[in-house]
Amino acid sequence: MEVPKRERLEEFFRRLLAAPGVGSFDEALEQLSTILDAVEDELSGAENVPQDWQSDQRLYPPQKDSLRVVPEHPRVRRFRNRRHSTYIGENGSVEIVSLSGRVEVRKPGRDGRGVWELD
């Protein structure tokens, strides 16, 4: 049975925040992707078919083609998703912000610093 998308997002946020901090951009992206895929495998009722992202109601991790630089913060990268932006610092920090500007998740890297504390 499919769990509503907002509840799946909340579970993803909970698991991401509960996971240990990581020390690099690549580790953060891998952790985020692994956790989101696990939540969606368990709760969405949809198969993992990324090319169906517009129609299958499954949440997918950030994709490399949506990666953007953040000019005023060279140690941070941004993934633009459908309804939010995911910022990942080179230290493994993560911040997920809705398009309305609401911070959904703020997770420091292993070094204790957040996304915007790297400069």
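Let's start with strands E4 (residues 94–98) and E5 (residues 103–107), which run antiparallel and are joined by four bridges. Here strands are DSSP runs of E with at least two residues, helices are runs of H or I with at least four, both numbered from the N terminus, and two strands pair if DSSP finds at least two bridges between them. The model is predicted, so local features need pLDDT of at least 70 and side-chain atom pairs 80 or more, while totals for chains, interfaces and linings use all residues. Residues are numbered from 1 along each chain, and side-chain values use heavy atoms, without hydrogens or water.

Four residues lie between the strands of this hairpin, where Gly101 takes a positive phi near 100 degrees. Within the pair, Ile96 stands opposite Val105 in E5. Beyond its neighbours within four places in sequence, Ile96 is in contact (heavy atoms within 4.5 Å) with residues including Phe12, Phe13, Leu16 and His84.

Ile96 also brings us to the largest nonpolar core, which has 19 residues; Ile96, Phe12 and Ile35 are among those with the most contacts inside it. Such a core is a set of buried Ala, Val, Leu, Ile, Met, Phe, Trp, Tyr and Cys residues joined through side-chain atoms within 4.5 Å, where buried means under 20% relative accessible area with a 1.4 Å probe, protein chains only. H1, H2 and E4 each give two or more residues to this core, and H2 gives the most, with seven. A second, separate core of six residues includes Tyr87 and Val97.

Terms used: Buried means under 20% relative accessible area, exposed over 50%, partly exposed in between (1.4 Å probe, protein chains only).
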